Amino acid sequence: MWAVAAVLGLAGCMGGPAAPVGGSTSTVPSSSAASPSESSVTRDGRTILPAVPEDCSTPTADDVRSRLGSVAASVQTPQASASTKDGVSTVTCVYSLIPVPVGQMPDPGNALVLTTTKAPDSAGIAALGLPRLMMSPEPVEGAGERAWFGVNRLSATTEYVFESVQGLTAIRASLGVPSSTPEVGDAKQRLQALLSGL
């Protein structure tokens, strides 16, 4: 159930409607300039915005590799997507940890997903329900106004999640690796260091 929620949430952020379980659906390419229309609105009501590589220029793939170590040895150039709903804008950058076949989307279960969410006011930030999709979150000091870290252990994936909020901006980093992957050492410190440069 948790894995389905995570995948559906990412699909909404990645610029297209979530695919039905066991099926697939087309998405609006991140480089296209989508105009408001039925095809540019996701199932949860987000409007897809044009996204360009510059949206994910920081951190670079080299920065990710340097901060995360061997788990990110083969990290790929990030794919960007953007959306908005009720005045809340979201930019998602997906850094696949493995090469991705041409025309396919990265697997969030084997990727670093950085999501930057900007709200128009404090009510918008409160409505996000921070921290999001995190099992047993623990508060982290010294990272924005508030920050949390947690590890989501799913059947096929382990997710190391760090989320911080500063003013009206929330940044979430989710490092997803196959559950068979060895434990990522110092994951909290590594993700915190990665986000500190944003």
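In what pattern do α and β elements follow one another when the chain is read along the sequence? The order is α-β-α-β-β-β-α-β-β-β-β-α, where helices are DSSP runs of H or I with at least four residues and strands are runs of E with at least two, both numbered from the N terminus. The model is a predicted one, in which local features need pLDDT of at least 70 and side-chain atom pairs count only at pLDDT 80 or more, while totals for chains, interfaces and linings use all residues. Residues are numbered from 1 along each chain as its sequence is written, and side-chain values use heavy atoms, with hydrogens and water left out.

**View 1. The whole chain, with four helices and eight strands.** Of the 198 residues in the chain, 42% are buried, buried meaning under 20% relative accessible area, exposed over 50% and partly exposed in between, with a 1.4 Å probe and protein chains only. Among contacts (heavy atoms within 4.5 Å) between residues at least 6 apart in sequence, 51% join residues at least 24 apart.

**View 2. The open sheet of eight strands.** The strands lie in the order β1-β2-β3-β4-β8-β7-β6-β5 with antiparallel pairing, two strands being paired if DSSP finds at least two bridges between them. At the edges stand β1 (47-49) and β5 (138-139), each with a single partner strand, so one side of each is left without a neighbour in the sheet. Two bridges join β5 to the antiparallel β6, and Pro 139 stands opposite Trp 148 in β6. Helix α4 packs on the sheet, where it touches β4, β5, β6, β7 and β8, and its direction makes about 45 degrees with that of β7; axes are lines fitted to C-alpha atoms, for helices over the stretch in contact, and angles run from 0 to 180 degrees between N-to-C directions.

**View 3. Strand β8 and its two partners, β4 and β7.** Eight of the ten residues of β8 are buried, so this strand is largely enclosed by the rest of the structure. Eight bridges join β8 to β4, antiparallel to it, and on that side Lys 118 stands opposite Thr 169. Ten bridges join β8 to β7, again antiparallel, with Glu 163 opposite Arg 172. The hairpin of β7 and β8 has two residues between the strands, and Gly 167 takes a positive phi near 60 degrees there.

**View 4. The buried and exposed faces of helix α2 (residues 61-68).** Ala 61, Val 64 and Leu 68 are the buried residues of α2; seen down the helix axis, they fall within an arc of 60 degrees, so they line one face of the helix, the arc being that of the directions from the helix axis to the C-beta atoms. The face turned away from the buried side carries the exposed residues Asp 62 and Ser 66. Cover for the buried residues includes β3 (88-96), β4 (111-118), β8 (169-178) and α4 (187-196). Just after the helix, Gly 69 takes a positive phi of about 75 degrees.

**View 5. Leu 191 within the largest nonpolar core.** This core has 30 residues, and those with the most contacts inside it are Leu 112, Leu 175 and Leu 191; a nonpolar core is a set of buried Ala, Val, Leu, Ile, Met, Phe, Trp, Tyr and Cys residues joined through side-chain atoms within 4.5 Å. The elements giving two or more residues to the core are α2, β2 (79-85), β3, β4, β6 (146-153), β7 (157-166), β8 and α4. Not counting residues up to four places away in sequence, Leu 191 touches Leu 68, Leu 112, Phe 149, Tyr 160, Val 161, Phe 162, Ala 173 and Leu 175.
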